[in-house]
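Thanks for coming. I will go through one model this morning, starting with a sheet and ending with a chain contact.

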Amino acid sequence: MVNSNIENIVPISDSRYPKLLKVLGKDAPKQLYYKGNWEEGIFENCLAVVGSRRMTSYGRQITEKLVSEIASVGITIVSGFMYGIDAVSHKAAIDVGGRTIAVMPCGIDLIHPDYQKDLYQEILENKGLVISEYEGNFLPTLWTYPRRNRLVAGLSKAVMVVEAGEKSGSLITANFAKKYKRKVFAVPGPLTSSLSKGICQLIKEGADVVTGASDVLDFFGKRLTIKATETRVSVNSLIEQKIIQKLQQESMEIDALSRTLGISAAEIGTVVSLMQIKGLVFNENGKYYIKN
Amino acid sequence: MFVKVPSATNLGLETIGVDVEVNIASRGLPVFEIVGLPSKAIDESRERVRTAIINSGLEFPFRRIIVNLAPADLPKEGSFYDLPIAVGIVSQVLKIGLPKNSLFFGELSLDGTLRHTRGALLLALFAKEQGFENIFVPKQSANEAAIIKGVNVYPIENLYQLFSHLLGKTQVKPAEYQGQVRRGEEPEFDMKEVLGQEQAKRAMEIAAAGGHNLFMLGSPGSGKTMLARALPGILPALGEEESLEVTKIYSVSGQIPPEGSLMTICPFRSPHHTISQAGLIGGGSNPRPGEISLAHRGVLFLDEFSEFPRSVMEALRQPMEDGKLTISRSKAQVNYPARFILVASSNPCPCGYLYHPKKKCICTEREIRKYRKRVSGPILDRIDLHVEVPVVDIRELSQHQGLRDFLEPSNKIRERVIKAREIQRKRFSAEGIFTNAEMKNTHIKKYCPLSQEVKRILSQAGLSFNLSARAYFKMIKIARTIADLEGAEEVAVPHMAEALQYRSKEN
């Protein structure tokens with residue numbers, strides 16, 4: 001818990017109050033509580049990134065990639081500070097030196113979920129902002145989550161949804177965005193995944209499909225300034241090449257690599273460890289992925 | 001009239017001589033009393049002895065009989081004083097002298113036959129050490145006692161037979177050790193029966209070779225239990241001394257079946273997670289060995305590790321460090337060895353299906369965190385190898401033709417393990433340890449010098465994988481074992497790189 005400071009309130013009458021929120025009429029909160037450094041520029045170009053709490057490793061990978069590219073050109077990433085896609089978006093934005101706003105479903109003095117307090121600190125230490133429409137130690141309740149989603153959508157010019165199940169809260173955010181006439185971007189995932197159901201629904205209803213960061217950046221009228229970091233480390237051995245080839249098709253466990261390549265698990269493990277140290281591949285939940 | 005029959009009592013793995021003194025007074029009211037801190041079981045032996053003597057067609061004297069178990073201040077427990085007491089009484093009735101330098105040991109049945117009695121091996125060992133020539137034990141326990149050479153073990157079926165022998169009417173021949181009478185407990189699974197799980201199998205091999213503890217994380221049905229049960233099959237068979245050590249523990253805890261023999265195969269114990277602390281580490285007022293001692297020189301498999309009560313898990317710490325356990329009770333203090341390979345397994349989350357390719361996990365993030373936290377940190381610290389056991393897709397497996405030819409049988413893996421163990425035994429001959437897993441930091445510095453290149457890999461890995469200081473040492477130990485499996489003199493980069501695969505992925 002952080003100490004409350006009476007000055008950290010921005011009422012709707014204040015000139016600093018975000019304009020995009022002000023136009024929401026009766027949906028606009030009467031005041032906003034905040035932590036961190038309130039700077040009006042942060043609200044200028046906001047993209048909300050929301051998605052499943054129960055993300056897959058694909059979801060993590062694509063969120064990290066898209067958000068880091070989008071945030072690096074100065075677009076503020078707004079999200080709901082939940083675990084899953086939300087947390088990954090905040091983190092990815094901070095890691096490229098971008099700005100991020102976390103909207104809390106609880107009183108401004110609470111950190112929810114509390115085990116993400118490291119991320120919370122990181123946001124505050126990196127020019128980020130934590131805001132809430134609730135004061136003090138107000139506990140999050142079932143109805144504050146959708147209310148929070150309305151702020152996430154309301155603050156942003158566009159909402160990008162990554163991985164959403166059939167009844168995902170992210171769809172609530174997307175619906176608010178539509179209601180407020182904001183752009184909705186949907187990041188496609190495999191049709192076999194249950195976390196693509198909500199995304200497919202959004203696309204059918206007319207959301208823009210995202211095939212790369214430039215789709216979103218075009219909307220904001222920005223361009224990718226830095227080229228995606230081309231730090232190709234030399235691929236040495238034949239086994240490394242074979243492994244890269246396999247992993248480019250599909251992420252795999254050591255066991256599966258060993259079987260398909262017909263090489264012992266010991267040897268695959270040796271090579272993969274070295275590749276991991278070199279930054280060629282990374283491991284998530286036991287499977288290995290190509291790092292890009 | 002007074003007779004002294006030598007016998008012994010087991011206190012933990014120690015055996016202490018006990019004289020059973022039987023006095024049949026010529027005067028006084030008829031009575032039958034046992035003194036000398038007998039337990040309930042010994043006190044009740046009065047009825048067994050009397051009935052057994054009468055039912056054997058021998059005479060039970062209607063006199064004042066006092067039995068003293070000396071030394072009188074040592075608490076005695078067990079049912080094996082039946083035979084020495086009966087021998088003391090009947091020998092006086094029949095007016096025969098007892099054979100010199102002989103121990104008597106065994107529980108009587110009401111019909112006069114002798115029952116299989118626990119601890120026969122220890123008694124034989126004691127007899128040998130103390131210079132006794134003959135021991136008389138129940139026939140069913142004779143094979144177990146006959147393991148010890150240099151003592152005549154007389155297998156006795158019943159009281160009548162014993163006295164016929166003592167009177168010189170019929171001759172009972174000393175038992176010869178029969179070796180493995182019943183089939184030994186073969187490991188339930190061969191490694192080649194485990195399909196897929198290449199990495200986990202490799203981890204098993206390393207665990208067996210270096211004596212490392214192993215932690216498996218995986219969904220239900222991924223094969224964790226099967227892998228663990230196959231582990232004893234790749235461990236080297238017990239040496240003569242080790243066999244005796246293990247058999248002794250099984251003998252005192254009464255786990256050797258009738259006609260049992262020396263245990264030559266590594267024990268495998270897999271207690272259920274509802275086990276009590278005393279059940280796991282040993283206990284009782286006359287402390288009995290627990291599961292960890294029964295797993296001595298073998299494998300202790302704790303399935304569903306996170307379900308074990310915290311107190312029970314924590315109790316493992318000291319024995320894991322010391323390889324033995326001291327149990328102190330008001331009446332006695334005993335030592336049991338407990339040097340085992342711990343194989344622990346756990347589901348990734350309460351429902352078990354996190355990371356499962358097909359089934360959906362229904363746990364919340366909070367539940368998963370709570371579940372993972374239940375596994376004791378200090379125990380995980382003592383586990384070198386960590387491996388994930390993914391669910392095997394049968395269809396995917398069947399795509400790989402000839403996969404079965406690729407599978408190695410346990411005995412082939414064991415050959416490599418034995419070689420690696422031999423290298424370690426030589427290396428540590430002056431240190432009093434046997435395996436890489438037992439290395440302390442000083443040993444690591446002395447026996448695992450790392451080249452600059454290996455050091456560089458390790459420190460790079462430390463950064464990218466966020467390794468703790470303790471994890472560094474674990475990696476070096478594992479790399480040493482991998483090098484030993486290969487027969488390599490020095491730890492090289494590939495060994496270290498492979499070792500990194502078995503780091504703990506939890507932070």
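Predicted model: local features only at pLDDT ≥ 70, side-chain atom pairs only at ≥ 80, totals over all residues.

Residues are numbered from 1 along each chain as its sequence is written, with chains lettered from A and ligands numbered from 1 in the order in which they are written.

Helices (H or I, at least four residues) and strands (E, at least two) are DSSP runs, numbered from the N terminus. Two strands pair if DSSP finds at least two bridges between them.

In chain A, nine strands make an open sheet with mixed pairing, ordered β1-β2-β6-β5-β4-β3-β7-β8-β9. Its edge strands are β1 (9-11) and β9 (208-209), each pairing on one side only. Strand β8 (residues 183-187) of chain A runs parallel to β9(A), joined by two bridges. There, A:A186 stands opposite A:V209.

Helix α2 (residues 57-71) of chain A lies across β3, β4, β7 and β8 of that chain, at about 175° to β3(A). Axes are lines fitted to C-alpha atoms, for helices over the stretch in contact, and angles run from 0 to 180 degrees between N-to-C directions. Contact means C-beta atoms, placed from the backbone, within 7 Å.

An unreviewed UniProt entry annotates residues 9-220 of chain A as "domain: Smf/DprA SLOG"; such annotations may be inferred rather than shown by experiment.

Finally, the contact takes 21 residues from chain B and 18 residues from chain A.

Conventions:
Contact = placed C-beta atoms within 7 Å.
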